[in-house]
Amino acid sequence: MLRRLLVLVFAILAVATPASAADESLANVKSRGVLKWGGDLQGGEPYVSQKPDGTLVGFEVDLARAIAKRLGVRDEFVQNDWSTLVASLERGTFDIVLNGFEITRERVGRVLFSRPYYVFAERLTVRKGETRFKATLPDLHGRRVGTLAASLAYDTLEEAGAEIVLYEGQEEPYADLAQGRTDAVLLDDIIAQRYASRHEGLVTLGDVREGVYAIAARRDDAALMVAIDDALGELVRTGELRRILAKVGIDDKREDKLESYGHPSGGSASIGEARSEGPQKFGAHHFVLFLQGAGVTLLVSLLAMAIAFPLGLFLALARTHGARWASRLATTYVEIYRGTPVLLQLYVLYYGLAPIVKMGALTAAIVGLGMNYAAYEAETHRAGVLSVPNGQMEAARALGMSIPLALRRIIVPQALRHALPNVTSDFIALLKDSSLVSVITVVELTKRMTIASVDTRDWLIPGALCAALYLVMSIPLARIARTLEAR
Amino acid sequence: MLEIERVRKRRTQNGTERWVLDGVTLNVGEGVIYALLGESGTGKSTLLRCVSGLETFDEGVVRVGGSALFENRRLQDAVRRRVGLVFQQHHLFAHMTAIENVMEAPVQVARLSIEDARKRAEKLLEQLGVAHRRDARPSELSGGEAQRVAIARAMAMEPAVLLLDEPTSALDPARRKGVTELLRDLAKGGTTLVVATHDLPFARDVASRAGMLENGSLVREGTVEEIAGP
């Protein structure tokens, strides 16, 4: 499969090689004197990472420098979120992608690939003592396996019919595996070496298949790609590439293949056999997945609100009527939760507290959002409580009611009437904020949309459908809020 | 029944301290209607609020039926139930109907059964002439109706002492006469009443004893005629 894919890459490159007159990609880079390459520092060692003094290190930094040198320009790194590298490349944010970027079916045809600069294995990591399955494709069927979005491992797992758990960073899949939240992690051997080894209870089960990293350029930038490919070929021939890899300790026997991968005509498959499977069509099965995503969004939002509403009310009453210490505590809660990003709170709750609190991703999402929104509901409820005239409390007290009784019977019922329209608006905001829980592997509506967009290479239809589903959920709520306000 | 002894209350306003109540002493016997006279700002409302337990005071003692208010918390709650307060702006519970307002404290505080509380509330609303408005919300009641429901609400706890703050301010003359009769009936039934008012004709009609407050001190006591002239 890999060989066939490589053939396909070069077939496309070969067709594109007679650079059209309009292709000034190489000339532009040369006249600018800078080759801009995109990557994500979150990928970390040994790819590209930043030292405390700000300088960049990693084998891809050395590689970019060597290639730029051969083009007679200098190189410039551009930080970009890994999951949107292709989109940014197409927008022209940088000239090439050079960041552990695997040649996959979906990407071939969308971008131009160079010859590979690294051969890796997709490594299956498990907890010690795992005996239920082996490192083969059929054995992965139905297993809960963690990996990174838009990676070759993701394609592999999809093919194997595994239950895929998606992460944004390299550390989290292994942390979750160690916590017993998944059965295994399938990721590139370089990543497994660096990140799995930090967890004592994890071992390598075996390698499932091979893949390659290559440099990607825009589809129309054939002239630039030919030049880069030549430069890379020279680095392979002179052994400079192997020296760069050896420097960070990732040169292994597999890299012997780098030379032959550069000559697809020498391979066994003929060009005629190569055919692109192309992007998926957006169809009914996507629609069903979107509905499921909307269901998750609604579930997370409703349950989070079921926490936020009473907790917020409790906090509000502690602030307005509690003892001084209770009031201070409630104020501190509100300030902390409103003053820090909910994204950070979700990370801390799910990953940071994992050794102490065992919580599933969905539970963590609901609890995390619920506790965050409780801070906002506290403010909404407080405004509601303060809107009840003072005389109501005095009348209740004069009749011999205790403060808790007066709150329960007299103040809160009236405060809720004031607060309800705002609570409904807050719920609409919560519905949208719930998309943030995808960082802790919950696949809700927005995540479903980004996955489908990568699969179909189209943002328009999935985006429109996603928006429509959000509107279907939020418009009735907005109407309810208006009705409540009018009363 | 109600004994107020050398009550003083300090209040800080714009950085300066002053005594809003400066040694008030007065006694009101059982079944007596006592009129607390004086211009606004002389401390009438403050005194009522202190006696009903809504505000604390710095010195002195208030006794109801011989028990001192504010000696300890539990006693305070028990005694406070024996003192009813009708506010000038009546402060009916806005989210409840008239009869629910009257039933609320008997059910929640005195732990009466709902049926007993309803019977008591219906009887009071009947006596006060607002039984036909029992299911109306406070916002739907006229000033006079709201005033009567508020009195019924306070009376439902069967207080020994009922305090009323400017009960005639929202009423036309005809209604005022009705309130006069109502208060006389309550006094006849054994309730001690203290009425803070600056409505002299009303005080003359209703009260057998009166006191004049000036700058937080009781400056004169006697009948209304003795204090304010015929």
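Predicted model: local features only at pLDDT ≥ 70, side-chain atom pairs only at ≥ 80, totals over all residues.
**View 1. Overall build of chain B.** Chain B contains eight helices and 10 strands. Its radius of gyration is 17 Å, close to the 17 Å that the globule rule gives for 230 residues, so chain B is as compact as a globular protein of that length. The C-alpha trace of chain B spans about 45 × 45 × 35 Å along its principal axes. Of the 230 residues, 46% count as buried. Among the contacts in chain B with a separation of 6 or more, 67% come from residues 24 or more positions apart.

**View 2. The two domains of chain B.** Domain 1 of chain B covers 2-82 + 159-228 in the domain assignment, and domain 2 covers 93-158. The centres of the two domains, taken over C-alpha atoms, are separated by 23 Å. Eight residues from domain 1 of chain B and nine residues from domain 2 of chain B make up the contact. On the domain 1 side, six of the touching residues are nonpolar, two are charged and no polar residue takes part.

**View 3. An exposed loop residue, B:D172.** B:D172 sits in the loop between strand 7 (161-165) and helix 6 (173-188) of chain B. Is B:D172 buried or exposed? It counts as exposed, because it has 11 C-beta neighbours inside 10 Å, and the cut-off for exposed is 12 or fewer. B:V24 gives a distance reference for this view: its C-alpha atom and that of B:D172 are separated by 32 Å. Along the chain these two residues are 148 residues apart.

**View 4. Where chain A touches chain B.** The contact takes 14 residues of chain A and 17 residues of chain B. On the chain A side, the elements giving two or more residues are helix 15 (390-398) and helix 16 (403-433). Helix 15 of chain A supplies the largest share of that side, six residues. By class, the chain A side has seven nonpolar, four polar and three charged residues.

**View 5. Domains of chain A.** The domain assignment of chain A gives domain 1 (2-118 + 212-257), domain 2 (121-208) and domain 3 (284-486). Domain 1 and domain 2 of chain A have C-alpha centres 26 Å apart. In the contact between them, 11 residues of domain 1 meet 11 residues of domain 2. The domain 1 side of this contact has two nonpolar, five polar and four charged residues.

**View 6. The mixed sheet of chain A.** Eight strands of chain A form an open sheet with mixed pairing. What is the strand order? The order is 4-1-5-10-6-9-7-8. Strand 4 and strand 8 (163-167) of chain A stand at the edges, each with a single partner strand, so one side of each has no neighbour in the sheet. Strands of a sheet pair through backbone hydrogen bonds, in either the parallel or the antiparallel sense.

**View 7. Strand 1 of chain A and its partners.** Strand 1 (residues 34-39) of chain A runs parallel to strand 4 (residues 74-79), and six bridges join them. In this pair, A:K36 stands opposite A:E76. Strand 1 also pairs with strand 5 (residues 96-97) of chain A, in the parallel sense, over two bridges. Here A:W37 faces A:I96 in strand 5 as its opposite residue. A:G38 stands opposite A:V97, also in strand 5 of chain A. In a regular strand, side chains alternate between the two faces of the sheet.

**View 8. The largest nonpolar core.** This core holds 117 residues. Which residues touch the most other members? They are B:V102, B:A152, B:L193, B:V194 and B:V195. Helix 11 (residues 284-321) of chain A gives the most to the core, with 11 residues. Apart from this core lies another, of 80 residues, with A:Y117, A:A150, A:I164 and A:I215 among them.

**View 9. The surroundings of B:V102.** B:V102 is one of the residues that touch the most other members of the largest nonpolar core. Leaving out residues up to four places away in sequence, B:V102 touches B:A121, B:L124, B:L125, B:V149, B:A152, B:R153 and B:A156. One of these, B:A152, is likewise named among the core residues that touch the most other members.

Key. Residues numbered from 1 in each chain as written. Chains lettered and ligands numbered in written order. Helix = DSSP H or I, 4+ residues; strand = E, 2+ residues; numbered from the N terminus. Rg over C-alpha atoms; globule rule 2.2 N^0.38 Å. Buried ≥ 20, exposed ≤ 12 C-beta atoms within 10 Å, placed from the backbone. Contact = placed C-beta atoms within 7 Å. Nonpolar A, V, L, I, M, F, W, Y, C, P; charged D, E, K, R; others polar. Domains from an automatic or database assignment. Pairing = 2+ DSSP bridges. Core = buried A, V, L, I, M, F, W, Y, C linked by C-beta atoms within 7 Å.
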